[in-house]
Amino acid sequence: MMGQDETGAPEEAATPEMLAALAAPQVEQADSPEVFLSTLSETLSASDNVDVDLAVILSDQLLTVKPHADAIANAKAAIVALAAKRAAPAEVQADG
């Protein structure tokens, strides 16, 4: 059953067709996994509404054709470190 959003309007479930329609103008057919992942990484990093530091972590750790065996653990550690850095009080960041 569908819920309501903050405005009280009924929520609409995203269908694969809706998602494809949203992505279609931005994504071209990739020639290879390398091209696809590289393009995805570049698009993610260039987007105005994306956290740049997080995009770098994703690009470096996960958006590769052959990710390292510990890619998920490494990405998690990098994200946790980023979160801890951002959560630290301003004076601690300046000293650190």
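Let me start with confidence. The model is predicted. Average pLDDT over the chain is 79. Of the residues, 66% score at least 70. Among the elements, helix α4 has the highest mean pLDDT, at 95. Helix α4 covers residues 71–87. At the other end of the scale sits helix α5, residues 90–95. Its mean pLDDT is 63, the lowest among the elements.

Now the charged side chains. How many salt bridges does the structure hold? Two.

Take R86 and D51. Their side chains form a salt bridge, with 2.4 Å from N to O. Where do the partners sit? R86 is in helix α4. D51 is in the loop between α2 and α3. Helix α2 spans 33–46, and α3 spans 52–61. The two residues are 35 residues apart, so this pair links distant parts of the chain.

Next, D53 and R86. Their side chains also meet in a salt bridge, at 3.0 Å, N to O. Here helix α3 supplies D53 and helix α4 supplies R86. The separation is 33 residues, and again distant parts of the chain are linked.

D51, D53 and R86 form a network of salt bridges. As a general point, side chains of opposite charge can pair when their charged atoms come close.

Are these three buried or exposed? Take them in turn. R86 has 43% relative accessibility, so R86 counts as partly exposed. D51 comes in at 28%, and is partly exposed. D53 has 40%, which makes D53 partly exposed too.

Now a residue of another kind: S59. Which helix holds S59? Helix α3. S59 has a relative accessible area of 13%. Buried means under 20%, so S59 counts as buried.

What does S59 touch? Set aside its neighbours within four places in sequence. Then S59 is in contact with S41, S45 and T64. One of these, S41, has a further link to S59. The side chains of S59 and S41 are joined by a polar contact of 2.4 Å.

One is the salt-bridge network of D51, D53 and R86. The other is buried S59, in helix α3.

How values were computed:
Residues numbered from 1 in each chain as written. Predicted model: local features only at pLDDT ≥ 70, side-chain atom pairs only at ≥ 80, totals over all residues. Heavy atoms only, no water. pLDDT = per-residue confidence, 0-100. Helix = DSSP H or I, 4+ residues; strand = E, 2+ residues; numbered from the N terminus. Salt bridge = Lys/Arg side-chain N within 4 Å of Asp/Glu carboxyl O. Buried < 20%, exposed > 50% of the residue type's maximum accessible area, 1.4 Å probe, protein only. Polar contact = N/O pair within 3.5 Å; in protein donor to acceptor, adjacent residues only side chain to side chain. Contact = heavy atoms within 4.5 Å.
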